[in-house]
Amino acid sequence: DVFSLGVVMHELFARRLLCAALMNTTEWDESEGHARRVAAGFRPAIPAELPEALRALIDACWHGVPDLRPSAREVVRRLAAIEATGALAAMDAQKAAAKGGACCAVQ
């Protein structure tokens, strides 16, 4: 579903797994509490260093009203448009330079 796609895009582009620590180190009650917070509207902060169009797309994908989320086709169209600007390549190059040439590692 598009909500989950928004979460995965956040994880991929932010290079940080959102729920890994929660699911691996907490009790079931805490996991359910997190799910309730998400259902009530909680969303993690989208890193400011991501291109604005990508931030807007992620935000749209996990909109609280399912009917207001973009279709998968629209997500693909918007991702292609973002890629065409070169913003993603620039972001990857900047992150690689900051890590001494290492790229594409999830933290």
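Residues are numbered from 1 along each chain as its sequence is written. In this predicted model, local features need pLDDT of at least 70, side-chain atom pairs count only at pLDDT 80 or more, totals for chains, interfaces and linings use all residues, and side-chain values use heavy atoms, leaving out hydrogens and water.

**Exercise 1.** Describe the packing of α4 against α5.

Solution. Step one: locate the helices, which are DSSP runs (H or I, at least four residues) numbered from the N terminus; α4 covers residues 52–61 and α5 covers residues 72–84. Step two: take the geometry, with axes fitted to C-alpha atoms over the stretch in contact and angles from 0 to 180 degrees between N-to-C directions. The angle is about 165° and the axes are 10 Å apart. α4 is therefore roughly antiparallel to α5 (over 145 degrees; under 35 counts as roughly parallel, 65 to 115 as roughly perpendicular and the rest as oblique). Step three: list the contact (heavy atoms within 4.5 Å). A53, L54, A56, L57, A60 and C61 of α4 meet V75, R78, L79 and I82 of α5. Step four: sort by class, where Ala, Val, Leu, Ile, Met, Phe, Trp, Tyr, Cys and Pro are nonpolar, Asp, Glu, Lys and Arg charged, and the others, Gly among them, polar. The contact holds nine nonpolar, no polar and one charged residues.

**Exercise 2.** Describe the packing of α1 against α5.

Solution. Step one: the axes come within 10 Å and cross at roughly 25°, so α1 is roughly parallel to α5. Step two: V2, L5, M9 and F13 of α1 meet A72, V75 and L79 of α5. Step three: by class, this contact of α1 with α5 has seven nonpolar, no polar and no charged residues.

**Exercise 3.** Which residues touch the most other members of the largest nonpolar core?

Solution. Step one: such a core joins buried Ala, Val, Leu, Ile, Met, Phe, Trp, Tyr and Cys residues through side-chain atoms within 4.5 Å. Step two: of its 16 residues, the answer is M9, F13, L50, L54 and I58. Step three: the largest share, five residues, comes from α1.

**Exercise 4.** Is H10 buried or exposed?

Solution. Step one: buried means under 20% relative accessible area, exposed over 50%, and partly exposed in between (1.4 Å probe, protein chains only). Step two: H10 has a relative accessible area of 0%, so H10 is buried. Step three: H10 lies in α1, and beyond four places in sequence its contacts include R15, P44, I58 and W62.

Terms used. Helices (H or I, at least four residues) and strands (E, at least two) are DSSP runs, numbered from the N terminus.
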